[in-house]
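Dear colleague,

I am passing on a structure that you have not worked with before, and below it I have set out what was found. Please read the notes with the structure open beside them.

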Amino acid sequence: MKAYKLLKSLTALAAAVCIIVSCDDETGSIGGNVMPGHDEMEITQGIYSVLSRSIKADSVLGTTSTSYLGKITDPETNATTSCDFLAQFHILENLTFPKNGTLVMDNGTVEADSVNIRLYVSNYYGDSLNSMKLGVYELDTANALKENMIYYSNIDPWKYVNKKETAIRKELSFSVIDMTLSDSLKNAYSSSKNILIKLPKDYGTFIMKKYYENPSNFADSYSFIHNVCAGFYYRIISGNGTMLNIDAASLNVYFRYKQGDSIINGVQKMATTEEVLQNTRIENKNTDKLLEAENYTYLKTPAGIYTEATLPIDSIYNNHINDTINSAKISFTRINDNTHTTYNLPVPQNLLMVKSDELYSFFEKSKVADGSTSYVTTYSEKENAYTFNNISALISNMYAVRKEGAGVKNSDPQAIKEAKYAKWEAEHPTWNKVTLVPVNTTYSQQTTGYTTQQVLSRVRNDLSLSSTRLSGGNSGDIKISVIYSRFKK
């Protein structure tokens with residue numbers, strides 16, 4: 001019966017919260033008549049200031065299914081971001097070339113007609129007519145990227161480039177819209193933008209000969225990567241003002257073969273997919289000065305700047321050690337950009353809040369927000385803010401982790417508790433800090449009975465271009481609102 005009454009009390013709490021009167025760093029009793037008699041519940045609220053700062057993200061997990069290529073300068077901050085990438089090719093099962101005897105061999109030996117790479121552009125930032133210079137470099141099969149390794153965005157690509165004189169090295173100029181095409185072709189091209197990289201014919205011949213010498217070299221992606229082609233490194237040599245999202249690349253080998261009395265033009269394609277590695281390298285310049293702001297913080301991607309917030313755990317628990325924390329709401333307000341240009345960077349749409357000491361392991365272990373030590377929210381254009389509606393579990397977790405880690409007992413004198421806490425906090429300086437990280441989220445459908453809902457299934461670093469400022473820093477503008485409850489004695 002007692003548990004039933006408690007359930008009724010907590011249900012009534014939702015209605016009581018609607019009439020709460022805020023108090024700054026203090027709590028006021030409201031809802032004194034929520035429940036009668038000895039089950040009467042007292043609801044209080046505390047509002048506390050939260051400090052924040054900008055921190056530099058020197059690197060992020062660079063392995064993704066979408067690669068980025070280009071260089072841009074943010075018109076608001078003058079910070080420059082450069083992206084290039086390494087990518088392997090996936091081999092489909094049972095990949096084959098025509099039977100040797102059916103090939104058309106102009107010189108009496110296996111020979112490709114041509115070979116190229118196409119980089120397919122899903123979208124882009126900047127001027128579609130801007131000219132950029134691209135370098136393409138063959139990777140080394142003897143030192144291939146390993147699928148069981150974790151690679152970050154500060155990777156050294158040259159470590160994996162083939163150093164042999166015969167290795168492929170190609171340079172070319174490009175723009176999103178190829179001005180060498182006719183108007184009709186440009187219109188068709190605009191719906192399927194891609195960059196054509198013509199490789200030496202001999203490289204196509206090399207690939208075909210590797211197949212005919214030993215078809216097992218093409219048995220699967222691992223065999224192909226370690227025996228034939230480890231992939232390519234694509235980098236911007238010069239140019240500024242364009243950033244491309246490359247959602248796929250294909251290696252295409254063209255040849256001819258006989259089929260009856262006919263000669264058929266054939267092509268074999270190998271493509272980048274999630275089954276093989278794609279790793280974007282990111283370099284940011286002119287961002288250090290942005291870390292110095294005192295009354296606001298930044299969010300910049302890719303791998304640029306995060307916001308770190310320090311949660312006032314001691315203040316939240318002061319005089320409330322025996323209370324229940326029912327909810328804790330915190331909102332980060334965006335500062336609008338006063339500079340309006342054609343190329344203003346977009347606002348990050350999804351934000352992850354994660355304990356600072358779990359930042360890297362969160363992505364390395366492919367975790368999703370659990371509502372306990374990590375949360376995801378979406379930017380609200382109406383409120384012009386990122387709001388986390390209830391992080392009470394995180395606050396309770398931080399308090400409990402510190403207490404257990406420091407070995408504090410309820411029976412300890414106050415001076416002993418403070419000494420234990422001080423020693424532990426010195427060894428764990430980020431114990432009460434969270435980091436805000438722009439992310440990409442994926443949801444999947446989950447059906448239970450007759451109900452279907454969207455469930456968060458993947459959280460990854462956002463490697464696209466985005467930038468915004470948040471109120472905070474040392475200004476005290478960020479507030480966390482905490483709702484407590486306790487039974488009246």
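Please keep in mind throughout that this is a predicted model. The chain holds eight helices and 21 strands, and of its 489 residues 49% are buried. Among the contacts in the chain with a separation of 6 or more, 77% are between residues 24 or more positions apart.

H8 covers residues 414–427, which is 14 residues, and it spans 20 Å from its first C-alpha to its last, close to the 20 Å expected at 1.5 Å a residue. Lys-417, Tyr-421 and Trp-424 of H8 are buried, and because the buried residues fall within an arc of 70 degrees when seen down the helix axis, they line one face of H8. On the face turned away from that buried side lie the exposed residues Ala-415, Lys-423 and Ala-426.

Part of what covers the buried residues of H8 is helix H7, residues 392–406. The two helices, H7 and H8, pack at an angle of about 105 degrees with their axes 9 Å apart, and H7 is therefore roughly perpendicular to H8. On the H7 side the contact is made by Tyr-399, Val-401, Arg-402, Lys-403, Gly-405 and Ala-406, while H8 contributes Lys-420, Tyr-421, Trp-424 and Glu-425.

Methods
Residues numbered from 1 in each chain as written. Predicted model: local features only at pLDDT ≥ 70, side-chain atom pairs only at ≥ 80, totals over all residues. Heavy atoms only, no water. Helix = DSSP H or I, 4+ residues; strand = E, 2+ residues; numbered from the N terminus. Expected span 1.5 Å × (residues − 1). Buried < 20%, exposed > 50% of the residue type's maximum accessible area, 1.4 Å probe, protein only. Arc of directions from axis to C-beta. Contact = heavy atoms within 4.5 Å. Axes fitted to C-alpha atoms, helices over the stretch in contact; angles between N-to-C directions. Parallel < 35°, antiparallel > 145°, perpendicular 65-115°, else oblique.
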